[in-house]
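Work through the following exercises with the model open. Each task is followed by a stepwise solution.

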Amino acid sequence: MTDAAPPDALVREIKELIIEALMLQDMTPEDIDPEAPLLVEGLGLDSIDVLELAMAIGKKYGVKTRADDAQNRHIFASVTNLARFVQEQRAAAAG
């Protein structure tokens, strides 16, 4: 993974996708700190939430994570990491 910051628009899209996919009706994108942890503390996602989010990311952006990927903990560590992963996967697919 690179350290390039993902575009703000992509970070916002990911926040909106989290809210939509996990049915967090009482939250807005502004409520989600892009650097805050997604798992356990922070947003408090569990493994089922991450699975649902991974499926939503795959459907919206055409990028896939594998269940056995050692990078998943890093990829799903924060909104910024998730957006960076999507950005990199899309760039790699574009060639």
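**Exercise 1.** Determine how α1 and α4 are oriented to each other.

Solution. Step 1: in this predicted model, the axes of α1 and α4 are 9 Å apart, at an angle of about 115 degrees. Axes are lines fitted to C-alpha atoms, for helices over the stretch in contact, and angles run from 0 to 180 degrees between N-to-C directions. Helices are DSSP runs (H or I, at least four residues), numbered from the N terminus.

Step 2: angles under 35 degrees count as roughly parallel, over 145 as roughly antiparallel, 65 to 115 as roughly perpendicular and the rest as oblique. α1 and α4 are therefore roughly perpendicular.

Step 3: from α1, the contact (heavy atoms within 4.5 Å) uses Leu 10, Val 11, Ile 14, Lys 15 and Ile 18, and from α4 it uses Val 79, Leu 82, Ala 83, Val 86, Gln 87 and Arg 90.

Step 4: sorted by class, these are eight nonpolar, one polar and two charged residues. Ala, Val, Leu, Ile, Met, Phe, Trp, Tyr, Cys and Pro count as nonpolar, Asp, Glu, Lys and Arg as charged, and the others, Gly among them, as polar.

Residues are numbered from 1 along each chain as its sequence is written. Local features of the model need pLDDT of at least 70, side-chain atom pairs count only at pLDDT 80 or more, and totals for chains, interfaces and linings use all residues, while side-chain values use heavy atoms, with hydrogens and water left out.

**Exercise 2.** Classify the packing of α1 and α2.

Solution. Step 1: the two axes come within 10 Å and cross at roughly 125 degrees. Step 2: α1 is therefore oblique to α2.

Step 3: α1 supplies Leu 10, Glu 13, Ile 14, Leu 17, Ile 18 and Ala 21, which meet Glu 52, Leu 53, Ala 56, Ile 57, Lys 60 and Tyr 61 of α2. Step 4: nine nonpolar, no polar and three charged residues make up this contact.

**Exercise 3.** Check the length of α4 and find what its buried residues pack against.

Solution. Step 1: α4 covers residues 79–94, which is 16 residues. The expected span is 1.5 Å times one less than the number of residues, so α4 should span 22 Å; its end C-alpha atoms are 22 Å apart, in agreement.

Step 2: buried residues (under 20% relative accessible area, 1.4 Å probe, protein chains only) include Val 79, Leu 82, Phe 85 and Glu 88. Step 3: the buried residues of α4 pack against α1 (8–21), α2 (47–61) and α3 (72–75).

Step 4: just after α4, Gly 95 has a positive phi of about 100 degrees.

Conventions:
Helix = DSSP H or I, 4+ residues; strand = E, 2+ residues; numbered from the N terminus. Buried < 20%, exposed > 50% of the residue type's maximum accessible area, 1.4 Å probe, protein only.
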